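Work through the exercises below with the structure in view. Try each task before you read its solution.

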Amino acid sequence: MVLCPVIGKLQHKHVVLASASPRRQEILSNAGLRFEVANSPQRQRLEPGDAGAWRRPRTLTAGSFLADGRLDTEVSEFYEETTVTFSELSEELLWEYINSGEPMDKAGGYGIQALGGMLVENVHGDFLNVVGFPLNHFCKELARLYYPPRPEGLRRVKRDSIPAVDTFENLSDTEGGGSDPGPSAEGGRGGEEADGDRSQAPGALDAALNGADSRPPFPTGLLELMDGFKASKVLFTACKLKLFDVLKDQGPLTAVDVARKLDACAGGTEQLLDVCAALGLLEKTHRGYSNTAVATLHLVSDGEHSLLGLAEYNDAHVWGVFTRLGLAMREGAGQARGALGVTEEEEHLSQSREMTLQFMRAMHSLSKLTTHHVATAFDLSRFTSACDLGGCTGILAHELAREYPHLQVTVFDLPEVIELSGGFQRGGRQTERIRFVPGDFFKDNLPEADLYVLSRILQDWPDDRLHKLLSRISSSCKPGGGLLVAEAAAAEEGASRSPRLRTLSAGQPRSPDEHRRLLQRHGFRDVRVARAGDLLRVVLGTRAAP
């Protein structure tokens with residue numbers, strides 16, 4: 001992403017960063033700036049009385065521009081001051097942090113963006129200034145250069161050539177905390193001078209930062225959408241290689257160590273690791289790479305909340321069928337369902353054993369996020385027996401049995417699914433109140449139950465099959481019995497939820513009124529609707545007397 005229009009002005013300029021700080025490079029790279037790194041030999045000097053000066057880091061930035069075919073340098077100096085307050089820290093804790101190795105490459109002696117953040121009580125000012133670079137102030141200074149009127153502090157300096165990097169004095173590599181700004185050239189404090197500069201020409205500055213010109217808005221969202229598949233493929237590849245398993249107990253590891261364990265080349269492994277770090281999946285320090293909390297929680301194989309099965313299914317199957325989306329749209333509805341992840345063969349899970357197992361792992365992974373919400377959306381204590389149609393691994397059945405101690409639960413699914421379901425039971429054993437029955441809910445008699453459950457089932461079927469299934473359930477359900485339906489919620493019900501989360505669903509979510517009418521059409525009354533977490537809506541209907 002490129003910040004437009006201010007940083008966009010530099011996209012075709014020769015930009016030099018006079019600092020070897022990896023944090024500064026990362027901040028500017030993330031903002032879309034491309035630059036050459038030339039480390040300045042100048043270093044900030046602390047006076048004996050500046051022992052506490054690391055609480056107020058200072059950054060001095062200078063820029064050189066070649067304009068109108070002539071060497072014409074405009075130099076803008078600015079300061080940004082941020083105050084960091086630490087908690088009361090014991091000597092033992094400080095030594096523990098020092099022994100972690102993290103402070104060793106930090107000019108300020110700590111990294112607020114990593115372990116050092118646990119030591120910080122509050123930050124007053126620009127957080128990125130503490131990390132390594134005051135991006136907001138930098139953009140404002142760019143705006144002053146490109147959008148008149150210019151502040152009085154800007155000097156135009158005629159030179160015979162572009163100045164060398166080492167001619168810019170007082171440049172600092174301070175990051176994660178710096179020195180006291182000290183007196184400025186005009187006799188004031190650096191931070192005070194910067195505040196005075198920022199008060200000038202607010203109208204022109206605001207217009208610059210907000211892109212008030214004749215050009216259309218920069219299509220950030222569209223570009224991110226176009227690039228989104230790359231991040232997904234990186235995640236899927238890392239999961240397929242079991243990268244997060246390797247780092248779970250052995251990290252941090254260097255790229256060479258990881259490559260050796262994965263039996264891969266070091267160069268490609270390092271690129272994969274760096275992208276995973278940029279995506280927030282890994283932490284990168286001078287000691288190597290390690291899992292972030294989210295990777296440990298959701299991307300290792302044996303984690304209680306692991307989504308690895310979902311990632312592997314998307315990589316092995318959904319990725320491929322989406323590449324055939326254009327062909328599917330040209331060849332009709334059947335092919336379209338295949339491109340969206342539901343082929344005719346998969347409708348009965350009649351493909352290979354491995355494909356069936358992959359699908360079950362994916363459903364099991366995704367269901368970990370939702371089963372508790374589904375089981376508790378309504379009070380189901382009045383029912384004594386339940387049948388989860390298409391219950392797959394039985395994960396929802398286990399949650400229902402746990403929430404309602406007197407409930408007997410039957411999982412009804414295809415024989416090949418029931419055969420493999422044992423591998424998903426804790427300890428390989430089924431509880432006494434849960435039984436698994438093989439069958440086809442379109443052909444075979446449904447097990448008797450007070451409550452029938454359909455979780456993530458209805459959206460996968462065309463209308464004719466959907467109504468056939470509901471009709472069979474209605475015929476089997478006794479008056480006073482219930483039907484519990486859990487399906488993806490419509491986007492407008494949760495604006496913060498991404499449509500990408502409808503991972504295994506081919507259909508479009510129904511509205512609450514559509515669900516009510518659907519159940520009422522098949523003889524269910526007193527239809528109630530409730531949200532179940534961020535992903536699902538749960539509908540409960542009671543079978544009326546014939």
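This is a predicted model: local features need pLDDT of at least 70, side-chain atom pairs count only at pLDDT 80 or more; totals for chains, interfaces and linings use all residues.

**Exercise 1. Repeat the analysis for K248 and its partner.**

First, find the partner. K248 forms a salt bridge with D302, and their closest N and O atoms are 3.0 Å apart.

Second, locate both residues. K248 belongs to helix α8 (residues 243-250), while D302 is in the loop between α11 (293-298) and α12, so this pair ties together parts that are 54 residues apart in sequence.

Third, classify them. K248 has 34% relative accessibility, so it is partly exposed. D302 has a relative accessible area of 57%, so it is exposed.

**Exercise 2. Which residues are linked with R402 in a network of salt bridges?**

Begin with one pair. The side chains of E403 and R402 meet in a salt bridge of 2.9 Å, N to O.

Then extend it. E399, R402 and E403 are linked in a network of salt bridges.

E403 is partly exposed at 26% relative accessibility. R402 is exposed at 54%.

Finish with the total: the structure holds 9 salt bridges.

**Exercise 3. Describe the largest nonpolar core.**

Count first. This core has 27 residues. L380, L400, L451 and L484 have the most contacts inside it.

Then list the suppliers. Elements that each give at least two residues include the helices α16 (371-376) and α17 (395-403). Among the strands that do so are β13 (451-455), β14 (482-488) and β16 (536-543). The top supplier is α17, with 4 residues.

Now zoom in on L484. Leaving aside its neighbours within four places in sequence, L484 has contacts that include V374, F378, L380, L451, V453, V538 and L540.

Last, look beyond this core. Apart from it lies another core, of 25 residues, among them L389, F442, L469 and C477.

**Exercise 4. Is β14 largely enclosed or open, and how is it paired?**

Check burial first. Of the 7 residues of β14, 7 are buried, so the strand is largely enclosed by the rest of the structure.

Take one partner. β13 and β14 run parallel and are joined by 5 bridges. Y452 has L483 in β14 as its bridge partner.

Take the other. β14 and β16 run antiparallel, with 7 bridges joining them. Here L484 has L540 in β16 as its bridge partner.

Terms used
Residues are numbered from 1 along each chain as its sequence is written. Side-chain values use heavy atoms; hydrogens and water are left out. A nonpolar core is a set of buried Ala, Val, Leu, Ile, Met, Phe, Trp, Tyr and Cys residues joined through side-chain atoms within 4.5 Å. Buried means under 20% relative accessible area, exposed over 50%, partly exposed in between (1.4 Å probe, protein chains only). Contact means heavy atoms within 4.5 Å. Two strands pair if DSSP finds at least two bridges between them. A salt bridge is a side-chain nitrogen of Lys or Arg within 4 Å of a carboxyl oxygen of Asp or Glu.
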